[in-house]
Amino acid sequence: SLIIDVKESVKVIIESHITNYLSRIPYLSNIKESHLRMLAAMGHYEAKGANEVVFNEGTKGSKVYIVLHCGASVSTQKDVSGIKTSESSSGGSELCNTNRVDGNKSIGIIQIANLKNGDYFG
């Protein structure tokens, strides 16, 4: 009979995707594939939920994140007092969503980018 280690098979598939994504990062493009496979095997995989903050602007980091599934948004908080927002067809704001008022300031979340599978940041 044939016994398949599903966990190991999934790990190999994920690592091959990671290796492929790593090879697309400009500062890793000249690294041998065997070394990229080693990096992929050493990686720590993190699952993040919708609207979960990965890190905050200005925080020093020591990781590179690669989007493997779904996507991620990059946004910043800023004083949006006096900024005119454009209206989308659904009536919402495309520029920002005001989430709180701080004194005389309207603090809003401004979306900078949408990341998809294979995109990296950190």
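This is a predicted model: local features need pLDDT of at least 70, side-chain atom pairs count only at pLDDT 80 or more; totals for chains, interfaces and linings use all residues.
Local features are reported at pLDDT of at least 70, side-chain atom pairs only at pLDDT 80 or more, and totals for chains, interfaces and linings use all residues. Residues are numbered from 1 along each chain as its sequence is written, and side-chain values use heavy atoms, with hydrogens and water left out.

The protein contains two helices and five strands. These elements are DSSP runs, numbered from the N terminus (helices: H or I, at least four residues; strands: E, at least two). Their order along the sequence is α-α-β-β-β-β-β. Contacts are defined by heavy atoms within 4.5 Å. Of the contacts between residues at least 6 apart in sequence, 59% join residues at least 24 apart.

The mean is 77, and 78% of the residues reach 70 or more. Over residues 87–94, pLDDT stays under 50. The model has seven contacts beyond four places in sequence for that stretch.

Of the 122 residues, 16% count as buried. The largest nonpolar core has six residues: Ile18, Leu22, Ile25, Leu28, Leu36 and Ala40. Helix H1 (6–23) and helix H2 (33–42) are the elements that give two or more residues to this core. Such a core is a set of buried Ala, Val, Leu, Ile, Met, Phe, Trp, Tyr and Cys residues joined through side-chain atoms within 4.5 Å. In soluble globular proteins, nonpolar side chains tend to be buried together. Not counting residues up to four places away in sequence, Leu22 touches Leu28, Leu36, Leu39, Ala40 and Ile66.

Ser34 lies in helix H2. Ser34 is partly exposed, because its relative accessibility is 32%.

The protein exposes about 9,600 Å², of which carbon and sulfur atoms supply 53%. Areas come from the Shrake-Rupley method with a 1.4 Å probe; for residues, only the protein chains shown count as cover. Val6, Val10, Ile14, Tyr45 and Leu68 form a nonpolar surface patch with about 400 Å² of accessible area together. Patch residues have over 30% relative accessible area and no salt bridge; like charges are joined within 9 Å, and nonpolar side chains (Val, Leu, Ile, Met, Phe, Trp, Tyr) within 5 Å. Tyr45 sits in the loop between H2 and strand E1 (65–66), and is partly exposed at 38%.

Asn51 belongs to the loop between H2 and E1. Its phi is near 65°, a positive value in a residue other than glycine. Most residues other than glycine have a negative phi. Asn51 is exposed, at 83% relative accessible area.

Salt bridges number four (a side-chain nitrogen of Lys or Arg within 4 Å of a carboxyl oxygen of Asp or Glu). One joins Glu33 and Arg37 at 3.3 Å, N to O. These two residues are about one helical turn apart, because they are four residues apart in helix H2. Glu33 is exposed at 52%, whereas Arg37 is partly exposed at 44%. Glu46 pairs with Lys48, again through a salt bridge, at 3.3 Å. Lys63 bridges to Glu46 at 2.9 Å. Lys63 and Glu46 are 17 residues apart, each in the loop between H2 and E1. Shared partners join Glu46, Lys48 and Lys63 into one network.

Key
Buried means under 20% relative accessible area, exposed over 50%, partly exposed in between (1.4 Å probe, protein chains only). pLDDT is the predictor's confidence in each residue, from 0 to 100.
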